[in-house]
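Please read them with the structure open.

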Amino acid sequence: MCRGCAVDLTDPGQPAQRLLARQLDEQISAAFDSERRLRVLDVGLGRGVQALRLARAGHTVTGLQSDPDLRELFEKDLAEEPEETRGRVRLVTGGSEDTGAHFRPGAFDVVMCHDGLLQASSPGTTLAGLARVLAPGGLMSLLIRNDAALAMHPGRAGDWDAALAALDFPERTGSTLRLETLSRGLAGIGTPLREWYGVGIFGSHCPAEEEKAERMLAVEERAGRLDPYRSVASMLHICGVRGG
């Protein structure tokens, strides 16, 4: 679960991960030839939902994870994959700020950081480290909590105490994880913003009936590209491309 929002990042069947998959595939298709096998880094990979999905598709994936409990859960999930998929995955112990200690410059075609920025003590330093290991023309995929709209979802659910706390959150914590801040940061490290999406606009759980779930996802996917809807999403998916 995303810290401070209602989006579930652990279940591959929930809307957030299904939308991320579609958005990532769109960005990867725009950046790379369809036959190319990519070198992917997933920083703070959690349960590794997208990492495993990309490994199944034939890409080589490295996961960077500091939490021993999450590493153990990921290893259990990985053990259930076919040998061919397991052979494409490498797990490295480390946090989101440790990329420079483990990887050489330009080592990856795709860098995903879908939870690590929330944990980083210095998001700007972490971003620079992510860009350093990204090859020219490579894709950076970031997922952040949308601090500018934290009160929307508890307010819609009638949880007024949580909504009031959310309204005070940015001022109380000094949070800087906003679209405008990250857009400037990405431009400053030579990986300018190419596209951004809203994730988790109307709901956090798919209906049990698949037809209704697909209709929900269709609405979420379309609204996630449109203003003003994407601006009030629980999370923002931000994609940049490395220059050079």
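1. In which helix is Arg184 found? Arg184 belongs to helix H10, residues 179–188; helices (H or I, at least four residues) and strands (E, at least two) are DSSP runs, numbered from the N terminus. With a relative accessible area of 57%, Arg184 is exposed. The cut-offs are under 20% relative accessible area for buried and over 50% for exposed, with partly exposed in between (1.4 Å probe, protein chains only). From Arg184 to Phe108 the separation is 76 residues in sequence and 22 Å in space, C-alpha to C-alpha.

2. On the basis of the values: this is a predicted model, in which local features need pLDDT of at least 70 and side-chain atom pairs count only at pLDDT 80 or more, while totals for chains, interfaces and linings use all residues. Residues are numbered from 1 along each chain as its sequence is written, and side-chain values use heavy atoms, with hydrogens and water left out.

3. Helix H1 (residues 15–31) packs with helix H2 (residues 49–56) at an angle of about 50°, and their axes are 11 Å apart. Axes are lines fitted to C-alpha atoms, for helices over the stretch in contact, and angles run from 0 to 180 degrees between N-to-C directions. H1 and H2 are therefore oblique to each other; angles under 35 degrees count as roughly parallel, over 145 as roughly antiparallel, 65 to 115 as roughly perpendicular and the rest as oblique. Their crossing is right-handed, the term used if the near helix is turned clockwise from the far one by less than a right angle, with anticlockwise being left-handed.

4. On the H1 side, the contact with H2 uses Gln17, Leu20, Ala21, Leu24, Asp25 and Ile28, and on the H2 side Val49, Gln50, Arg53 and Leu54. Contact means heavy atoms within 4.5 Å. By class, six of these residues are nonpolar, two polar and two charged. Here Ala, Val, Leu, Ile, Met, Phe, Trp, Tyr, Cys and Pro count as nonpolar, Asp, Glu, Lys and Arg as charged, and the others, Gly among them, as polar.

5. H2 is largely enclosed by the rest of the structure, because six of its eight residues are buried. The buried residues are Val49, Gln50, Ala51, Leu52, Leu54 and Ala55. After H2 comes Gly58, with a positive phi near 105°.

6. H1 also packs with helix H11 (210–223). The angle between H1 and H11 is about 60°, with the axes 11 Å apart, which makes H1 oblique to H11. This crossing, too, is right-handed. The residues in contact are Pro15, Arg18, Leu19 and Arg22 of H1 with Glu210, Ala213, Glu214, Met216, Leu217, Glu220 and Glu221 of H11. They divide into five nonpolar, no polar and six charged.

7. Pro228 sits in the loop between H11 and strand S7 (235–241). For background, most residues other than glycine have a negative phi, and most peptide bonds are trans.

8. Met112 lies in strand S4, residues 108–113, and is buried, with a relative accessible area of 0%. Leaving out residues up to four places away in sequence, Met112 touches Leu24, Val40, Leu41, Asp42, Val43, Gln50, Ala51, Leu54 and Ser141. Met112 and Cys239 are 127 residues apart in sequence but 9.3 Å apart in space, C-alpha to C-alpha.

9. How many disulfides does the model contain? The count is zero, where a disulfide is a pair of cysteine sulfur atoms within 2.5 Å. Cys113 is in none, and its nearest cysteine sulfur, that of Cys239, is 13 Å away. Cys113 counts as buried at 0% relative accessibility. Cys239 is buried as well, with a relative accessible area of 0%.

10. Leu143 is found in strand S5, residues 134–145. Its relative accessibility of 1% makes Leu143 buried. Leu143 and Gly95 are 48 residues apart in sequence and 16 Å apart in space, C-alpha to C-alpha.
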